[in-house]
Amino acid sequence: MSKEKKTTFIIGLVLVGFVLLFVLAGFIHTPYNPNTMAASLKFAKPSLSHPFGCDNMGRDVLSRVMKGASTTFIIGMSTVLIGLVIGTIIGSITGYFGGIVDEILMRLNDTLASFPSILMALVFVALFGTGKYKIIIALGVIFIPSFARIARSEYIVQKNLDYVSNARLIGASNFRNIFVHILPNTRKIMLSSFTIGFNNAVLAEAGMSYMALGVQPPTASLGRMLAESQVYLFRAPWMALAPGLTIVITVLGVSLIGNSLK
């Protein structure tokens, strides 16, 4: 890794680490109950007792950002893992074997990829309803085609290299070639793709929650917080600033890490 890429990686790691502190803290403890409302604290400005102020219902914004970041992180990570695992399996099989297996699976993959991602997610929500776990499944399925394509292209290149041919000569099975010999050599491109997928998942979840099609109240979500704050943008800008900056810092940090891995 060059000096420039190392610097980029460190900056990204610091930004992501900062957000992760919020995420981990949100799992364990928050200063206040994120759903507790207090009429006397409506639109309370940032102070020592409420560093990020309070929202239109008197809820502590810091506590809601911590919970919202945790929710967004779980959805983003779970979504990408679904897409990565299933997509890599499909891509590895089609790329390694080719032939009729490649034709059948990739045509199904192309059919799935031909629909706009957000449209498919909206259709899924319309059919099965909203909620955290349903959003994870919907977005996870959407990410499968992109990971499958990337894995397939890598396997097509790798399967013809000398180290795979040598493994075949000494009697290595197809399973061993796919998952023991070739898979570790795709980690660089797959890790870079993982960071891109994670950012897309975070933005997709935030967008769907913003449109009230994702995580539902009273569960805190960064996208939902942005939707609730837009009406009070001039009266209480801190309601939008905290969740907005959290999304920006997360996406920027992960992007820097991904770019340094290329």
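A helix here is a DSSP run of H or I that is at least four residues long, and a strand is a run of E of at least two. By that count, this predicted model has ten helices and zero strands in its chain. Read from the N terminus, the order of elements is α-α-α-α-α-α-α-α-α-α.

**The chain as a whole**

- The chain has 262 residues, and 43% of them are buried.
- Along the principal axes, the C-alpha atoms occupy a box of roughly 75 × 50 × 30 Å.
- Of the contacts between residues at least 6 apart in sequence, 71% link residues at least 24 apart.

**How α8 and α10 are arranged**

- Helix α8 covers residues 187-210, and helix α10 covers residues 238-261.
- The two helices pack with their axes 8 Å apart, at an angle of about 165°.
- Because angles over 145 degrees count as roughly antiparallel, α8 is roughly antiparallel to α10.
- The crossing of α8 and α10 is left-handed.

**Residues where α8 and α10 meet**

- On the α8 side, the contact is made by K188, L191, S192, T195, F198, N199, V202, L203 and A206.
- On the α10 side, the residues are I247, T250, V251, V254, S255, G258 and L261.
- Sorted by class, the contact of α8 with α10 consists of nine nonpolar, six polar and one charged residues.

Key
Residues numbered from 1 in each chain as written. Predicted model: local features only at pLDDT ≥ 70, side-chain atom pairs only at ≥ 80, totals over all residues. Heavy atoms only, no water. Axes fitted to C-alpha atoms, helices over the stretch in contact; angles between N-to-C directions. Parallel < 35°, antiparallel > 145°, perpendicular 65-115°, else oblique. Left-handed = near helix turned anticlockwise from the far one by under 90°. Contact = heavy atoms within 4.5 Å. Nonpolar A, V, L, I, M, F, W, Y, C, P; charged D, E, K, R; others polar. Buried < 20%, exposed > 50% of the residue type's maximum accessible area, 1.4 Å probe, protein only.
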